[in-house]
Amino acid sequence: MGRDVVTGEVADGPLAGYRIGVTAARKVEEQVALLERRGASVVWAPALATESSRVDETLRAATEQVLARPVDLFLATTGIGMRAWFDAAEEWGLLEALLEALGRAEILARGPKSVGALRRRGLRELWAPDSECFDDVLAHLRGRSLEGLHIVVQEHGQSLSMVAHALRRQGADVTTVTVYRVEPASDPGPMFALIDQIADRELDAVTFTSAPAVAAMMEAAGSTGRRDEVVGAFQADVVAVCVGPVTSAAFEMWGVPTIVPDRSRLAAMVKLIETELPSRDSGTTLEVAGHTLIVHGEQVLVDGVEVRLSPAPYAVLQALLVNPGHVVSRRDLLAALPSGTAGSEHAVEMAVARLRAGLGTRVVQTVVKRGYRLAVAR
């Protein structure tokens, strides 16, 4: 989002001056509040529909299939999926029979949310991995003989057909239960805008709370022709922050590095951002034309007062900071301007003028026929 040059109060909080994208559809108010409370500027663009769609017709058929014969092993993957399934079964008058059938089975759960949903209905899991990763549930089963066992797998918004095929190769009889499907956000506009900001490296970090959100963002980036730029930005300048290992794994195919908290919790993720971003950017402090200039992330302070810069003058400032005091040509400054900026040296002159308006007229010097430099002491 473009921002005009304005002068405000000294920023407050460990994330002051940082811009963070949020892709979550659920619990977004809580996440945004946690980030803004720490001083961050937040851009929200839901990758998925706010509400997952429950697949009632196939769900009832799958439920009846589960009840038709004894269940030997049940794999619970998500809390929201288990709650939705139990609620639907209750509506159909099948809850008691379903709980009885699952209660006789060996139950493996992916993580604490699915464990909680099971226990609220009186069911107990035999085992759940500390990692909260479904791959570890499958690894737990690989050394066992599954020949002839009836295994029920609760899907978690995306198809687990490959998981079912892998279990069948071990001799199991597998029933998958599709409780809900996740769909892309109905209005793609905010996501397209977020993709542009990632590709143009206008954000410091973007948060992801589900693997489908990663897939949806990459699909949207592909449709706009900016997927390679998004991947490049994540590999270099924009931090991809994932709530847990399952979400992080969705980035592996793109070669995108991620940071993940020790516990797959929203508060832990925000705490990680709070410490990680400032540690990556120690900031720059210069004496320029009699003023103290501090640049920390996107935060720019002149004599302790924050100056908010729109993308073009901020890009000029970053180019001048590469080698403070040395002249940068108009051509090089033009190349540094964000995409979409008018492609002439007049655009550079306008950006410099707006930079001077924000920082002070003497901070940026014109070097005739050569370009511009910061007025630092030599």
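Which residues in H13 meet which residues in H15? Hold that thought while I set things up.

Quick housekeeping: this is a predicted model, where local features need pLDDT of at least 70 and side-chain atom pairs count only at pLDDT 80 or more, while totals for chains, interfaces and linings use all residues. Residues are numbered from 1 along each chain as its sequence is written, and side-chain values use heavy atoms, with hydrogens and water left out. Helices (H or I, at least four residues) and strands (E, at least two) are DSSP runs, numbered from the N terminus.

OK, the sheet. Four strands make an open, parallel sheet, ordered S6-S5-S7-S8; two strands pair if DSSP finds at least two bridges between them. S6 (106–109) and S8 (173–177) sit at the edges with a single partner strand each, so one side of each has no neighbour in the sheet. From one strand to the next, the twist averages 15°.

Let's zoom in on S5, residues 73–76. Three bridges tie S5 to S7 (residues 150–154), with Leu73 partnered by Ile151 in S7. On the S6 side there are four bridges, and Ala76 has Ala109 as its partner there. Leu73 and Leu75 point one way from S5, Phe74 and Ala76 the other way, and all are buried, meaning under 20% relative accessible area with a 1.4 Å probe, protein chains only (over 50% is exposed, in between is partly exposed).

Now, what lies on the sheet? Helix H2 (residues 56–67) lies across S7 and S8, at about 145° to S8. Helix H5 (residues 112–120) touches S5 and S6, and its direction makes about 140° with that of S6. Contact here means heavy atoms within 4.5 Å; axes are lines fitted to C-alpha atoms, for helices over the stretch in contact, and angles run from 0 to 180 degrees between N-to-C directions.

Then there's H4, residues 95–103: Leu95, Leu98, Leu99, Ala101 and Leu102 are buried. Down the H4 axis they fall within an arc of 165°, so they line one face of the helix. The arc is taken over directions from the helix axis to the C-beta atoms. Those buried residues pack against H2, S5, helix H3 (79–92) and S6.

Back to my opening question. Ala312, Pro313, Val316, Leu317 and Leu320 in H13 meet Ala351, Val352, Arg354, Leu355 and Leu359 in H15. The axes of H13 (residues 311–321) and H15 (residues 345–359) come within 8 Å and cross at roughly 85°. The two are therefore roughly perpendicular, the label for 65 to 115 degrees.

Terms used
Angles under 35 degrees count as roughly parallel, over 145 as roughly antiparallel, 65 to 115 as roughly perpendicular and the rest as oblique.
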